[in-house]
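Have a look at the structure, and then we can walk through a few of its features together.

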Amino acid sequence: MSSNMTSSANYKPPAPAADATTGSHGTTTATSSSSSTMASPQQQQQQQQIQNHAQAPHSPNLPSRIASVMIMGLTGIISRTFLYGLNDVEVKGLDRFKQLLDSREDPERRERGLLTVSNHISVLDDPVVWGVLPLSYAFNPNNLRWTLAAHDICFANPTFSAFFTAGQVLPCHRLKHSPHGGLFQPSLTQAIRLLSSQPFTQPGFSPAPLTSPVTSLSTPSAVDIPDPFTIGTLTYSTTGSDSHPAPSIYTRNRHSWVHVFPEGLVHQHPQVDLRYFKWGVARLILESEPAPDVVPMFIDGTQHVMNEERGFPRFLPRIGKKIRVAFGEVVDYEREFGDLRRRWRREVERVRQQEEEEEVKAAAKAAKATKGKELVAVENSSTKPRLLGDLPEQLKYSEEAQKIRIECARRMREQVLKVRRELGGYDESDPNFGEASTWAPDRKVKAEKYKSRVDGSEINQD
């Protein structure tokens, strides 16, 4: 299952979307209802945030929870049986990773999300590699990973959609196959919120009470797709016409574990070298609030189980292979990403100040135009929905924002290469492989499957 951490180099800015920030949550100091009318606007906004948070449901209904337990548990059993019963498995760093998971078992005690990041060498990487976890973890979905997978494959019909949703998978559109793909699609927003704290609302916004799912939507553009926190439902849409459960809306899912494959496709290099990391991973690292724990991983061997050039019977995995899975240490966030996060926050503040200046100018212009006549209402962007993960156009496409994302993705790739290096037995990575320009798609190639002009690897998706 390939997550589509897509490069923004392929995008053209769409129509302006609702403003957003990367989230600073209000305090939780409550005041009595009798004194609320005497509170300052800021205090009233903070109280509203608390009320919004209280409206959010704790967890999905019982049938949904049972389905998730069964799908995740049975998949864990099958994966572990396949790995250890039919192959030779080597795992490093597992005890350390299990200790991290054990410390996160109680959602109420979690202080931050968990983001794991790895290379992608086979369609079996997820969920098979999670078979290295003991079965005691398999039937506890609340402490297992969420991930992203191709919408056109894993959500191609209602049966697949129900199965993968229960398996804690978010639908991700790939630009080669869908106009709804890209760095700012709704599933990336869901992933950011799953890693983060609730509430996600910002001052000046009061969502409608949560009601029934949305099943009929007609908005044509990704920037117009409804958000569950703005339309008051338990679902979100990725196309404007589909509907998926919104996991981040449940308080039980705060500070979840999210796993991504930032290469964005299966890459079977002879020395298991890495392509460049697409920039969606930078959004997860920089925009989640608070900053998540980040654990790099490295996988080798599953490319021999399901080689992209395998012959008949193509649908059957091969057995008797050597599979290696390595878990790195939790990254020192401040050392590796602290400066980038500060740059990102400065860019957020710059855009916010610019918007405020534009609002003042617009208000002055409107006041001058009325000249004592009926007051003309001026839309103030500070009163629009401000939700974690939703960005205004300037924070999507500004030169500084793109530079920050590129550097963040590059550093994350280096962390995965570090785990590869520590595992041993591989040539040093080609530095050119870390550049997006190296892997620019060959527009002359129209086939869905072809040989990479860079390293000869089989390409079946971009």
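How do the residues of the lining of the second largest cavity divide into nonpolar, polar and charged?

## A cavity and its lining

This is a predicted model. The lining of the second largest cavity has four nonpolar, five polar and two charged residues. Among the residues that line this cavity are R104, R110, N142, N143, W146 and W257. Its volume is about 50 Å³, and the count of cavities of 30 Å³ or more comes to three.

## Salt bridges

Side chains of opposite charge can pair when their charged atoms come close. Searching the whole structure gives 26 salt bridges. One of them joins R145 to D126, with the closest N and O atoms 2.9 Å apart. R145 is in strand β3 and D126 in helix α4, so this pair ties together parts that are 19 residues apart in sequence. R145 is buried, at 5% relative accessibility, and D126 is buried too, at 1%.

R342 and E334 also form a salt bridge, at 2.7 Å from N to O. Here R342 is partly exposed at 41%, and E334 is partly exposed at 46%.

In helix α14, E407 and R411 are four residues apart, which means about one helical turn separates them. Their side chains meet in a salt bridge of 2.8 Å, N to O.

## Helix α2

Helix α2 covers residues 62–86, and its 25 residues should span 36 Å at 1.5 Å a residue. The end C-alpha atoms are 35 Å apart, which agrees. Buried residues in α2 include S68, M72, G76 and F82.

Terms used: Residues numbered from 1 in each chain as written. Predicted model: local features only at pLDDT ≥ 70, side-chain atom pairs only at ≥ 80, totals over all residues. Heavy atoms only, no water. Helix = DSSP H or I, 4+ residues; strand = E, 2+ residues; numbered from the N terminus. Expected span 1.5 Å × (residues − 1). Buried < 20%, exposed > 50% of the residue type's maximum accessible area, 1.4 Å probe, protein only. 1 Å grid on protein atoms, 1.4 Å probe; cavity = no way out; pocket = protein on both sides within 12 Å on 5 of 7 lines; lining within 4 Å. Points joined across faces, edges and corners; volume = space filled by probe spheres on them. Nonpolar A, V, L, I, M, F, W, Y, C, P; charged D, E, K, R; others polar. Salt bridge = Lys/Arg side-chain N within 4 Å of Asp/Glu carboxyl O.
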